[in-house]
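Welcome! Here is a short briefing to read alongside the sequence and the 3D view. Take a look at both, then follow the points one by one.

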Amino acid sequence: MKRKILVLEDEENIRSFLVLNLKRSGYEVIEAETGEIALEKYHENQDIAVAVLDVMLPGMSGFEIMEKTKDVPVIFVTAKGELNDKLHGLSIGAEDYIVKPFEILELIA
């Protein structure tokens, strides 16, 4: 069975890039473009292995989404690259905090 990854990214071209590469790496990918949609999909798919979240989103931030999905490991992929942002993401429990632009192999690893 393929491991499921929830990808929350509001920029369509970045989301498509993530989804394509994660699928090529053998993962089943669930896409969301808003926090609200991500939460709906999270509740519909209780077997999500990891969530890849953008931080800066319309409506709810990736940080807020993480607080509502505590049982799923999170990797932030975001343009918010300030040290305080990274420290905040890691201090609330993120597995990793990757700053855009990034190498896809870094995320897949």
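## A first look

T69 is in contact with L39 and Y42, once its neighbours within four places in sequence are left aside. T69 itself sits in the loop between α3 and β4, and it counts as buried because its relative accessibility is 3%. Keep in mind that this is a predicted model. With that in hand, let us go from the whole chain to single residues.

**The chain as a whole**

- The chain has five helices and five strands.
- Starting at the N terminus, its elements follow the order β-α-β-α-β-α-β-α-β-α.
- What radius of gyration does the chain have, and what would a compact globule have? The chain has 13 Å, which agrees with the value near 13 Å for a compact globule of 109 residues.
- Along the principal axes, the C-alpha atoms fill a box of roughly 35 × 30 × 25 Å.
- Of the contacts with a separation of 6 or more, 51% are between residues 24 or more positions apart.

- Buried residues make up 46% of the 109 residues in the chain.
- The chain exposes about 6,000 Å², and carbon and sulfur atoms supply 50% of that area.

**The nonpolar cores**

- In soluble globular proteins, nonpolar side chains tend to be buried together.
- The largest nonpolar core here has 21 residues, and L6, L8, L53 and F76 touch the most other members.
- Which elements each supply at least two residues of this core? They are β1 (4-8), β2 (28-32), α2 (35-44), β3 (48-53), α3 (62-68) and β4 (74-78).
- Apart from this core lies another one, of 15 residues, which includes V7, L18, V29 and V50.
- L6 has contacts with I30, A32, A38, K41, I48, V50, A51 and V52, leaving aside its neighbours within four places in sequence.

- Is F63 buried or exposed? F63 counts as buried, because its relative accessibility is 11% and the cut-off for buried is under 20%.
- I65 also counts as buried, with a relative accessibility of 1%.
- Not counting residues up to four places away in sequence, F63 touches V55, F76, D85, H88, G89, I92 and Y97.
- From C-alpha to C-alpha, F63 and E103 are 22 Å apart in space and 40 residues apart in sequence.
- I65 and L105 are 40 residues apart along the chain, and their C-alpha atoms are separated by 25 Å.

- H88 is found in helix α4.
- At 33% relative accessibility, H88 counts as partly exposed, because this class lies between the 20% and 50% cut-offs.
- H88 is among the residues that F63 touches. The two are 25 residues apart in sequence, while their C-alpha atoms are 8.7 Å apart in space.

**Loops worth a visit**

- K80 lies in the loop between β4 and α4 (83-91).
- Which residues does K80 contact, beyond its neighbours within four places in sequence? K80 is in contact with V55, M56, D85, Y97 and V99.
- K80 is partly exposed, with a relative accessible area of 26%.
- K80 and I14 are 66 residues apart along the chain, and 15 Å separates their C-alpha atoms.
- P101 is found in the loop between β5 (96-99) and α5 (104-108).
- A cis peptide bond joins K100 and P101, with omega at about -10°.

Key:
Residues are numbered from 1 along each chain as its sequence is written. This is a predicted model: local features need pLDDT of at least 70, side-chain atom pairs count only at pLDDT 80 or more; totals for chains, interfaces and linings use all residues. Side-chain values use heavy atoms; hydrogens and water are left out. A nonpolar core is a set of buried Ala, Val, Leu, Ile, Met, Phe, Trp, Tyr and Cys residues joined through side-chain atoms within 4.5 Å. Buried means under 20% relative accessible area, exposed over 50%, partly exposed in between (1.4 Å probe, protein chains only). Helices (H or I, at least four residues) and strands (E, at least two) are DSSP runs, numbered from the N terminus. Contact means heavy atoms within 4.5 Å. The radius of gyration is taken over C-alpha atoms; the globule rule is 2.2 Å times the number of residues to the power 0.38. Accessible areas come from the Shrake-Rupley method with a 1.4 Å probe; for residues, only the protein chains shown count as cover.
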